[in-house]
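Please keep the sequence and the model in view while reading.

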Amino acid sequence: MADVALAREIDANIAQGARPHVRLRRRRMMSMTAAVLLAPALVLMALLLIGPVLAVLLMSFTDYQLGAPTWSLVGLENYIELYGDRVFWTSLTNTLLYVAIVVPSSIALGLGLALLIESGSTLRAFYRSIFFIPVMATLIAMAISWEYMLHPQFGLINLMLKEIGLPAQAWLSDPVLALPTIAAIGIWQLFGFNMVLFLAGIVSIPSHLYEAAVMDGARSAWSRFWLVTWPMLGPVTVFVAVISAIRSFQVFDTVHVLTKGGPSKATEVLLYSMYSEGFEFFRSGLAAAIAVVFLCFVLLLTIIKARLIEKKVHYS
Amino acid sequence: MAQFQLSGVRKSFDRTHVLKGIDLHIAEGEFISLVGPSGCGKSTLLRIIAGLEDQSEGSVRIGGDVVDGVRPADRNLAMVFQSYALYPHLTVYNNIAVPLRMRRLSTLQRAAVLRWLIPGTRETEDRIRSDVEDVAKLLGLKDLLQRKPAQLSGGQRQRVAVGRAIVREPRAFLLDEPLSNLDAKLRVHMRTEIAQLHRRLGATFIYVTHDQAEAMTMSDRIAVMMDGNIIQIGSPDDVYDDPQDLRVAEFIGSPKINILDGGVIDEARGLVFGSSRFAATFLERPGTSVRIGVRPEALRLANAENAPFSGRLAHKENLGAEVLLHVEIPDQRAAVIVRFDHGGAREISIGDAVGLTCSPEDLRIFGASGERIKAEVEARKVAHG
């Protein structure tokens, strides 16, 4: 009975709020602890992410030139200049075109390969690794290999075309072919990554759904794909699409190594314009404005993903 | 509707033999339960009948046709899965409509775009709508047709799964533990619903469960499976009253049958237990030691001094409609359970000496390896030695 009485006494103390200052102090301690634990992450984020983005935003309103001792605020002048600049619009169109080629192709290829690998029974690990190699390779080094393969005279691709009686192409110097060629390399680099994500998605589809589909009369693999696989892969597909789009917006390495934006601006893309404005012409303010435009696109994609699509693919 | 004939069905995964030669005939319109503990191969057998799994040996006939190698979709069977396996992205309406769309519409007519341009799509969809609505009315799903499975309770999902199975007219229904994800109360309720559905449809039902109560309450016949074999098949009464194997006796019935060690067959082929003798003729060599099985409801109270079974009351369970006494008998592994109707055995309290007796015909005698030893009951009274 003694401990019951003791418990009652403690309860009573708590109930009447015997020492409110103790509780207040405890709460303050709690929030202090939280702040201390959060601090490293917050500092790093401010230093490495938010700070630079704000700096770029600020810089886009100045006439700062790389290495110049002074700078002054010019308001929206950089954006106005971009608006009137034909090269900027070419660069933006090229980037969007590049994204429009690379994203659907790398998704279709990644999904197709994932389905093939998953339906086969042998050499799965082998195929997985082989198709994943381009993702792991350094793109800038791979771009140099591609340069040799695409060489108009002695490149492997043209030699093969000649062998089967097709005309050789000037892959990187023909203004019509240059951007699709760069996009093809982009697809080659990206689809392995998408494939791995799709493989993970396919594995997580409950097998009883396929069994139910079969019992329901879905005879062909085609109808099972549309009844089960595709809808169940919805969340993965959205994620893959957004990641692929963001990565495609970032196309730079291949352009820098292979074409330098040429021929006649046919492969000029956003990040390459930013690079040349900022580090070749030293117009950092203008480069910053391009960077802001680029960030807006990435932000837009993220918002679309979070707000619109995610709700439609999670079936709850 | 169809009858099923399974002959010599075996299934092995690598070196594990899951099914060891199943012969089974299922009559048209019958409700048969495959019941057994987990791992006995009952689900595998159902999946072989469905065509989701191929048997290693043996053959399956449905309605006279050998279906070995025939794809599940072409066997025209419907299945209800334990997890319901509803399509999470489709509404209840569309879930139930899937089997009809798959069978009545061509691939082009199912395609999302342009499907309405193909002649006949609208008419077929109208017929599908009326069929789905009929089923929804039958199962009480009318107000839920536009919901997604995630917005339904377990019982509602189960109903949708049943709806998807009955919306077309399959040759038989295969049910794989359809009630095991429901809570106890709902399970009892759905038992009745499924039995009524069977009577209404008159179709063949093959029902897999590990719950003997489900098997007992719904089935025309029960096939008890253990370790990849059907060890007994018969009506619920047969299996309960006349178990051919100790494992069947122990599996069927709740509370479990009481098993007492230490019985011996004497020279006159009677059964001796302790100082008591049951005058019956058992078809077994004299001197064989046997295990005695007796159902909780077959035991009666008797004078503790000279009753064949005597011990002390260890525990009393009052379940309202019935009372279960747990009587500890010396040298026995488990307490003997005695069942009384409401109000029975009020005068006995824990610790009291209890004597128990039963009629010789209520004894089920099993040999050392669990096989049933048959009896020719001679006298109905118990002789005391």
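## Lysine 42 of chain B

In this predicted model, Lys42(B) belongs to helix 1 of chain B, which covers residues 42-50. The relative accessible area of Lys42(B) is 4%. Because buried means under 20% relative accessible area, Lys42(B) counts as buried.

## The largest cavity

The model has two cavities of 30 Å³ or more. The largest cavity has a volume of about 40 Å³. Its lining includes Ala212(A), Met215(A) and Asp216(A) from chain A, and Ala78(B), Met79(B), Phe81(B), Arg164(B), Ala165(B) and Arg168(B) from chain B. Two or more lining residues come from each of helix 9 (207-215) of chain A, strand 6 (77-80) of chain B and helix 6 (154-166) of chain B.

By class, six residues of this lining are nonpolar, three are charged and none is polar.

## The second largest cavity

The second largest cavity also has a volume of about 40 Å³. Around it lie Val80(B), Val162(B), Ala165(B), Ile166(B), Phe173(B), Leu175(B), Ile194(B), Leu197(B) and Phe205(B). Helix 6, strand 7 (172-176) and helix 7 (184-201) of chain B each supply two or more of the lining residues. Helix 6 of chain B gives the most, with three residues.

Which classes of residue form this lining? There are nine nonpolar residues, with no polar and no charged ones.

Note on methods. Residues numbered from 1 in each chain as written. Chains lettered and ligands numbered in written order. Predicted model: local features only at pLDDT ≥ 70, side-chain atom pairs only at ≥ 80, totals over all residues. Heavy atoms only, no water. Helix = DSSP H or I, 4+ residues; strand = E, 2+ residues; numbered from the N terminus. Buried < 20%, exposed > 50% of the residue type's maximum accessible area, 1.4 Å probe, protein only. 1 Å grid on protein atoms, 1.4 Å probe; cavity = no way out; pocket = protein on both sides within 12 Å on 5 of 7 lines; lining within 4 Å. Points joined across faces, edges and corners; volume = space filled by probe spheres on them. Nonpolar A, V, L, I, M, F, W, Y, C, P; charged D, E, K, R; others polar.
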